[in-house]
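Please keep the sequence and the model open while you read.

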Amino acid sequence: MDTVLVLLFLASSTICVIGLLNPSRAGKATRGQVFKFYGLGAIVFLFLFAVFMEPAKPSPGAATVQAEQLPVVNAPIEQAPAVTKPVAHEYQVIAEENTSMRDRKRLRWRIVAPTALTQLDRAETAKAAAKNLQEKTGADFTHIFLEAAEFTAGFGNVLAIATYAPDGCGVTGKDCNGKQWEVSASSTQLTDTQMAVWKAWVENREQFMEDGLLNEDRLKAFLATKFDTTADKITLPWVERDDIAQ
């Protein structure tokens with residue numbers, strides 16, 4: 001369409017110019033007739049060309065360059081990392097103690113849960129044990145120690161502690177502040193070597209007791225030989241717990 005209009009415009013313009021110089025050559029008697037017929041025709045064709053003209057399409061190369069030069073307006077939205085919900089793992093009761101007094105039934109359990117490895121999972125496991133054992137026994141105050149292993153029971157450095165008082169009156173039954181839970185847990189990851197040294201310490205400590213006291217220097221020297229290291233490398237792991245808000 002654009003091409004046809006251009007050709008008609010050029011033809012009309014050319015004949016108009018020739019006819020103005022010599023009307024007979026344009027097939028008209030006067031210059032006015034030439035301009036009226038061919039001049040106005042050229043103007044009409046030019047107008048139609050402007051109306052129907054298609055916008056120019058940029059070449060693929062030009063489009064690519066233009067796109068590359070455009071500034072980045074919207075940065076990608078970063079999604080918040082998924083929050084992992086703490087999980088209560090299976091546990092095994094390895095010891096039970098009755099610390100009841102007067103009308104306050106207080107029970108303490110020591111448990112192990114080898115698959116509870118994160119701080120929050122350990123806290124959740126201790127809480128689940130406290131809730132389950134309280135419901136089974138009807139204890140007024142439940143105390144849970146999550147031990148690193150069965151052989152570490154009673155030697156401190158527990159992985160998690162949870163206390164549960166359904167009536168909110170604490171260990172004595174008189175501190176009724178409505179607080180049912182107190183929970184702390186550790187994120188410490190104990191290595192196989194640490195656990196092996198700890199177990200050997202527990203298993204051999206009795207033979208190094210002197211007058212009711214443990215001779216740690218002799219025990220460390222003994223274990224250093226056993227583990228092919230130096231005595232200063234024989235230490236029990238330090239397990240630090242943090243309070244877990246309830």
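## Helix H5 and its cover

Met195, Val197, Trp198, Ala200, Trp201, Val202 and Asn204 are the buried residues of H5, where buried means under 20% relative accessible area, exposed over 50%, and partly exposed in between (1.4 Å probe, protein chains only). The cover over these buried residues includes strand E7 (213-214) and helix H6 (216-226). Helices (H or I, at least four residues) and strands (E, at least two) are DSSP runs, numbered from the N terminus.

H5 covers residues 192-204, and its 13 residues should span 18 Å at 1.5 Å a residue; the end C-alpha atoms are 18 Å apart, which agrees. The expected span of a helix is 1.5 Å times one less than its number of residues.

## How the model was read

This is a predicted model, in which local features need pLDDT of at least 70 and side-chain atom pairs count only at pLDDT 80 or more, while totals for chains, interfaces and linings use all residues. Residues are numbered from 1 along each chain as its sequence is written, and side-chain values use heavy atoms, with hydrogens and water left out.

## The whole protein

Stepping back, the protein has six helices and eight strands. Read from the N terminus, the elements run α-α-α-β-β-α-β-β-β-α-β-β-α-β. Of the 246 residues in the protein, 30% are buried.

Contacts (heavy atoms within 4.5 Å) can also be sorted by sequence separation. Among those with a separation of 6 or more, 58% are between residues 24 or more positions apart.

Let us follow the strand pairing, where two strands pair if DSSP finds at least two bridges between them. E3 and E4 are antiparallel and share five bridges, with Leu146 having Ala160 as its bridge partner in E4. Strand E4 (residues 160-164) also pairs with E5 in the antiparallel sense, again over five bridges. Here Tyr164 is partnered by Trp181, and Thr163 stands opposite Glu182. On to E8 (residues 241-243): three bridges join this strand to E5, and the two run antiparallel. Ser184 of this pairing stands opposite Asp243.

How much of E4 is covered? Five of its five residues are buried. Ala160, Ala162 and Tyr164 point one way, while Ile161 and Thr163 point the other way. In a regular strand the side chains alternate between the two faces of the sheet. Strand E5 (residues 181-186) has five of its six residues buried, so the rest of the structure largely encloses this strand.

## Helix H4

The buried residues of H4 include Arg122, Ala126, Ala129, Ala130 and Leu133. An α-helix has 3.6 residues a turn, so residues three or four places apart point the same way.

What do the buried residues of H4 pack against? Their neighbours are strand E1 (92-98), strand E2 (106-112), strand E3 (141-147), E4, E5 and E8. After H4 comes Gly138, with a positive phi near 70°.

## Ser187, between E5 and H5

Ser187 sits in the loop between E5 and H5. With a relative accessible area of 45%, Ser187 is partly exposed. Leaving aside residues up to four places away in sequence, Ser187 touches Gln119, Arg122 and Glu240. Ser187 and Leu120 are 67 residues apart in sequence, yet their C-alpha atoms are 8.1 Å apart in space.

## Two pockets

On a 1 Å grid over the protein atoms alone, a pocket is an open set of points where a 1.4 Å probe fits, with protein on both sides within 12 Å along at least five of seven lines; lining residues have an atom within 4 Å of a point. Grid points are joined across faces, edges and corners, and a volume is the space filled by probe spheres set on the points. The largest pocket has about 210 Å³ of volume. Its lining has 13 residues, and Pro114, Leu117, Arg122, Ala148 and Leu159 lie nearest the centre.

The second largest pocket holds about 160 Å³. Among the residues lining this second pocket are Phe141, Thr163, Trp181 and Glu182.
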